[in-house]
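Hi everyone, thanks for coming.

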There are 2 protein chains.
Amino acid sequence: MSDTGVTVKKNVDFSEWYVEVVLKAELADYAPVKGCMIIRPDAYAVWEKLQEVVNQKIKATGHRNTYFPMFIPEAFLKKEAEHFAGFTPEVAWITQGGDTPLEERLAVRPTSETIMYAMFSKWVRSWRDLPLKINQWCNIVRWETKATKLFLRTREFLWQEGHTAHATAEEGEIEVMWALNMFKDVIENYLAIPVVLGTKSDSEKFAGALYTTALESIMPDGKALQMGTSHNLGQHFAKVFDVKFIGEDKQDHYVWQTSWGITTRLIGAMIMVHGDDKGLVMPPKVAPTQVVIVPIPFKGQEAEAIAAKTKEIQGILTAKGVSVILDDRQEYTPGWKFHQWELKGIPVRIELGPRDLKAGQVIMVRRDTGEKIPVKEADIAGTVEKLMLDIQDNLLAKAKAILQEKTTLVQSYEEFKTVLDSKAGFIKAAWCGNPECEAKVKDETGATIRVRPFQKEEPTTNCIICGQKAKETVYFARSY
Amino acid sequence: MSDTGVTVKKNVDFSEWYVEVVLKAELADYAPVKGCMIIRPDAYAVWEKLQEVVNQKIKATGHRNTYFPMFIPEAFLKKEAEHFAGFTPEVAWITQGGDTPLEERLAVRPTSETIMYAMFSKWVRSWRDLPLKINQWCNIVRWETKATKLFLRTREFLWQEGHTAHATAEEGEIEVMWALNMFKDVIENYLAIPVVLGTKSDSEKFAGALYTTALESIMPDGKALQMGTSHNLGQHFAKVFDVKFIGEDKQDHYVWQTSWGITTRLIGAMIMVHGDDKGLVMPPKVAPTQVVIVPIPFKGQEAEAIAAKTKEIQGILTAKGVSVILDDRQEYTPGWKFHQWELKGIPVRIELGPRDLKAGQVIMVRRDTGEKIPVKEADIAGTVEKLMLDIQDNLLAKAKAILQEKTTLVQSYEEFKTVLDSKAGFIKAAWCGNPECEAKVKDETGATIRVRPFQKEEPTTNCIICGQKAKETVYFARSY
């Protein structure tokens, strides 16, 4: 562990604060290869928790995990023109194997539609083979040229990608929404981050998709972060990769496809949204360690009694399925330990000193509020259980309030620019639907349409850019 | 599913039989990129089971999962000369990112010692930071030029790699053996494959290691397969990457390191060892589906009663934690279903027809022996539970008998060659310890020393190659 805590305040220099928390709480580190990161155990454990939850949900609905090669022949990427144009600028290319130059260079997967659907075309023969619903957890490479941001922008990251093929357009649409809502559940109920659901504008959709749905959120610095996407691919890829089936009607049909994914950037979002000036704050449901017990050392018989009691408490909580660390290291003081475990965001700290021992109690300290709660011995397990729920709820409630506070409805392009440069966040504005207006905003302000929300709001003005009749209210923001 | 079963007999053309089982049981497929494979859901589920078991064991002993970049700068690989020489011929190189040629080409990880230990050097400061015990599950690339063999030889595969750093040589040695025995437990008790444990000869050890320990087994065609390795790296890498710590004695010391791993080739071993002429045979403990229920269709009221009863049985078994498929598809006959599920290796099939319904029983069919067992309704759950254990035990016992049968002690080089070209398998022979004798055998026969067993056997002859005094009895074999 690092020797000092976070030295920058979250609301003074957010970007520097973030880097300090990530490095000092040992969530990630810069790799010795440019643009790449190391995901350290406390962060990787969050990813494993997300994997567990997502796996449970996708398997319960008949999706199955699989693994495809990460090498994609250039010719495959090229088959769908939009897709190729969208991804090629960021592709890492393998050109040599051992001592031999390759005849055709291979892309390291920026996403796996093309190589997967080449196989779908072989595997899908009849309506009996549908729906085909697979998923893979893997590494992805996109050769970013902008500055590296741990978890948020790295050349390699981890994700899951679900890919499905269906007999009808309607089934495809249902799948797109199923995946999106599954992600909403995971992000809101595990990471405690509220999200806005909707579709992307055409200019922001996935390269090759019919349309893209997404979950968007606002970070404390007012920038939007895309938390996950679910694409309706229609029959675009099916036609290019010849994924056909013989229907019950004995006729040939192209399948209808979807793809959807979340990435390790969600860990970055969790850090940004919940962290504070003391460091990380882990939502209990994803925290690799939920409780840390710190004995307050004393001498003689009392020390032994405290040691025995803290071990007993550890046993009781472990038996209840709580993940507990008993930090009884002799070489550190209790104060030092408090700071370290606060930095690492452990939801609840339990202190036990000689006075507590006599009183038959412990002191519980909530990481989210700092509140100190004396708890009678008999109530320890029950109180921890309740605190886990309370802290989880409180983090989501606080994040919801911030999301709301950082969402502004504007009446004009002037107001739009003022808000964007002051508080930023989501800016709800009336839009005519014309991509030119969207492009103008992007050129002039850097903000893009993050999401066209499913929860429709009637425009209260004409299009704030061109003044023509507005079609809808959309969410603009500058984004990660 | 494919329309036909396996057409080749295991003991007639083992190699072709293997390919048919893998493809027809839908365990893997050749990828459209040369040398690569797709791991399909039924095989990936076995990998997930192995991950679950290994994760449980490594986490219980203080190891933590992490993720390092798959790109390794060429300069890093070069730092340990033996390591570089060992891996470079099989490295895939990234030379271009987007439109820009890279200044230094990047290796796609053939193993992660170098990039990990560069970070260890930064993270390890004092004895308090030790032991450092991490693990990662990831993809690995080795640019094989020999013919692709699904699961056994592909350019990309999946593995886990454990990496640890310790304060003393002794702790490192203990870790090496801990990992090896952990693998033995997983391979024997989950995959039901017996293994021989020992060290590798110097010429076969991991590039850069002090010594390599390994688990070796014999496949039904008499060729050896390395099932896992655990390396004692000593201080080689620590010195090259400057991984030092200040001891309790206030002095600088280099750490002692280990690394160890198993790969997706274990799935290939499972297929080869247990499969038969009908297809795959899954050991119950790793089978994604343990029981398939096939209702024998009938008309009218009886059909409804059978449907209801099979659903009830599915519910009962699911509640007991058994993984069950109820195959009530109308479009296939029971006979077709029997063949398909046998091909896929499901440990137990439950049949229920009108006569069984009347008799208040089901028929259970063991995949490993083909035995048909009438089971009274009330005994279904208990019998399934017992069959899972019996089948698991039976598969291991059968495999142990084969391993023993395929192990031969020879007295001379002549006998060695005769055995190698007839039954093959492990050939136990006396060896003087001279690498020149080892090299001669390899040159002349293609066989290598697979393992110097921990379970020592006194040599019964002089070295079978040079005739000098023998040091030990070692296991030779031709290998995958």
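Across the interface of chain B and chain A there are 28 residue pairs in polar contact, both residues at pLDDT 80 or more. A polar contact here is a pair of N or O atoms within 3.5 Å; within protein, one must be able to donate a hydrogen and the other to accept it, and residues adjacent in sequence count only if both atoms are side-chain atoms. On the side of chain B that touches chain A, helix α2 (residues 41-60) gives the most, with seven residues. Helices (H or I, at least four residues) and strands (E, at least two) are DSSP runs, numbered from the N terminus. By class, that side of chain B has 37 nonpolar, nine polar and 14 charged residues. For the classes, Ala, Val, Leu, Ile, Met, Phe, Trp, Tyr, Cys and Pro count as nonpolar, Asp, Glu, Lys and Arg as charged, and the others, Gly among them, as polar.

Quick note on the source: this is a predicted model, where local features need pLDDT of at least 70, side-chain atom pairs count only at pLDDT 80 or more, and totals for chains, interfaces and linings use all residues. Residues are numbered from 1 along each chain as its sequence is written, chains are lettered from A and ligands numbered from 1 in the order in which they are written, and side-chain values use heavy atoms, with hydrogens and water left out.

Back to the interface. How many salt bridges does the rule find across it? Six, between chain B and chain A, each being a side-chain nitrogen of Lys or Arg within 4 Å of a carboxyl oxygen of Asp or Glu. Lys122(B) forms a salt bridge with Asp29(A), with their closest N and O atoms 2.8 Å apart.

The two chains also share strand pairing, and two strands pair if DSSP finds at least two bridges between them. Strand β5 (residues 92-97) of chain A and strand β5 (residues 92-97) of chain B run antiparallel, joined by five bridges. There, Gln96(A) stands opposite Trp93(B).

Now the sheets inside chain B. One is an open, mixed sheet of 11 strands, in the order β3-β7-β8-β14-β11-β10-β9-β22-β23-β21-β20. β3 (64-65) and β20 (407-409) stand at its edges with a single partner strand each, so one side of each has no neighbour in the sheet. Within chain B, β10 (residues 211-218) and β11 (residues 224-234) are antiparallel, with eight bridges; Glu216(B) has Gln226(B) as its bridge partner.

Another open sheet has five strands, β16-β15-β17-β18-β19, also with mixed pairing.
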